[in-house]
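Hi,

Here is the structure I promised to pass on. Please open it alongside this note; what I found follows below.

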Amino acid sequence: MFDTLQDRLQSAFKSLRGKGRLSEADIDAVAREIRVALLDADVAVPVVRDFIANVKERARGSEVSQALNPAQQVIKIVNDELVGILGGETRRIRYAKNPPTVIMLAGLQGAGKTTLAGKLGLWLKGQGKSPMLVAADLQRPNAVKQLQVVGEQAGVTVFAPEPGNGVGDPVKVATDGLAEARRTLHDVVIVDTAGRLGIDAELMQQAADIRAAVDPDEVLFVIDAMIGQDAVVTAEAFLEGVDFTGVVLTKLDGDARGGAALSVRSITGRPIMFASTGEKLTDFDAFHPDRMASRILDMGDMLTLIEQAEKALDTEQAAKDAERMLGGTFTMDDLLTQLEGIAKLGSMSKIMGMIPGMGQYKEQINNFDEREFDRIKAIIKSMTPAERDNPKLIDGSRRTRISKGSGTQVKDVNNVVDQFFAMRKMMQQMSKGGGVPGMPGIPGMPGVGKRAGAKQKPQQKKKGKRVSGNPAKRAAEAAGATKKDGASAFGFPAGGNDEFELPKELKDLL
């Protein structure tokens, strides 16, 4: 969503690097580039005007003039101002003292309210709540049916007494849903209301009537992040007609310029509370202004990545896997477990986007084939239990059988097996005291640091032979696993990262 803005801001900051002090001309030049970048991203003009004024005022102050690194100080100022226009602090749901807490969803048709109701319900279940969805959108064709399907997928109760499609009273459905939630002891009620293709009096009146009837604790305005400059007009209209308490951004994974996220909070004064970043019900989380600003400036979002890893991965199992690696007993089953664990974190592009400094690798990340993991898993699952436990049993005839069973070619099986032995050999070397911090170029494998207290032996170079400085590549070459075409079985350059150097944070995670 913010790729273009990220690139433009990075380009603006390049001119500041290496300067011991910043002149007025330097500040004006970078401010001009930032202004153009924000306007190109469809950020509202009043928001851009105030943002640039604040940046220039602070850049001319003592915090920059007396700084040891003025360029980094300006980047910090821009980060602070981005956090400010995105809302400052994370806004949490205000739960009612006497349950159930009522959350009403409002917005235009097509913004994704119904799907978001299921996402919010699933998220609330993860917070230990017992939510119920109320189908009060009785206008849009099949809206009630869609909510029932989404609710079933999320494992959340749906109250839908009317078939919809123009039949039924949405205000009565909302009030009856609240009464049903009290009777069945649900502690959160999510009311899905009707939307329209455009702002009109009927939409606002219906939403206002539902709000008056159920007296919600939170009214969430759901807005499509790709709507562009119209986001401001739409948000102001809903603020006047319904008076929402928070904003939810949907379709943040789109390829539009994303100025809505940077405009709505400043224009309406209402906080962005949640963000939807994909089509899956799990692609949804609380909105953190500081983390979003950090991602826009290509400084990563390690906190979110760590939180997702803690939810998706079994830390005890990961520790056992690391011990098995160092002990030289790592098997294909262990590799399969690691790959499945990484898959739970989401797509590699999303994971990489949370790593600091990965903006410079956009092209490689975007070209990464997510199906590569599926092919590797298919190959491993086509092996017998004995072959997975002891891959040395896999001879020529077995590789042919495995390739047919997994729908791949023999060379693909060869690559996976050879890469596996290269990894295991490297682990055995590490267990003897060498130690390699992380495993670049092999996604799905946990990074293993140097052993505490182990003495590090200096590398011996043979005369007349060039030795790679990449530890993963040395191990791959030693095992004869480096492919002639330079591509590994795991989708990255062979044996490591000569062309794609991963940062330390990612090496530690993998």
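Arg91 sits in the loop between H5 and strand E1 (101-106). Bear in mind that this is a predicted model. Arg91 has 12% relative accessibility. The cut-off for buried is under 20%, so Arg91 counts as buried. What does the side chain of Arg91 make a polar contact with? The partner is the side chain of Glu218, at 2.9 Å. Leaving out residues up to four places away in sequence, Arg91 touches Glu218, Thr245, Pro271 and Met273.

Next, the cores. The largest nonpolar core holds 98 residues. Ile34, Leu120 and Phe274 have the most contacts inside it. Helix H5 (residues 70-85) supplies the largest share of this core, seven residues. Another core lies apart from it, with 17 residues, including Met332, Leu339, Phe373 and Val417.

Take a look at Phe274. Setting aside neighbours within four places in sequence, Phe274 contacts Ile93, Leu120, Trp123, Leu220 and Phe284, among others. Val247, Val248 and Leu249 are also among its contacts.

Now helix H6 (residues 113-126). At 1.5 Å a residue, its 14 residues should span 20 Å. The end C-alpha atoms are 20 Å apart, which agrees. Ten of the 14 residues of H6 are buried, so the helix is largely enclosed by the rest of the structure. Among the buried ones are Lys113, Leu116, Lys119, Leu120 and Trp123. Gly128 follows H6 and has a positive phi, near 85°.

Best wishes

Note on methods. Residues numbered from 1 in each chain as written. Predicted model: local features only at pLDDT ≥ 70, side-chain atom pairs only at ≥ 80, totals over all residues. Heavy atoms only, no water. Core = buried A, V, L, I, M, F, W, Y, C linked by side-chain atoms within 4.5 Å. Buried < 20%, exposed > 50% of the residue type's maximum accessible area, 1.4 Å probe, protein only. Helix = DSSP H or I, 4+ residues; strand = E, 2+ residues; numbered from the N terminus. Contact = heavy atoms within 4.5 Å. Expected span 1.5 Å × (residues − 1). Polar contact = N/O pair within 3.5 Å; in protein donor to acceptor, adjacent residues only side chain to side chain.
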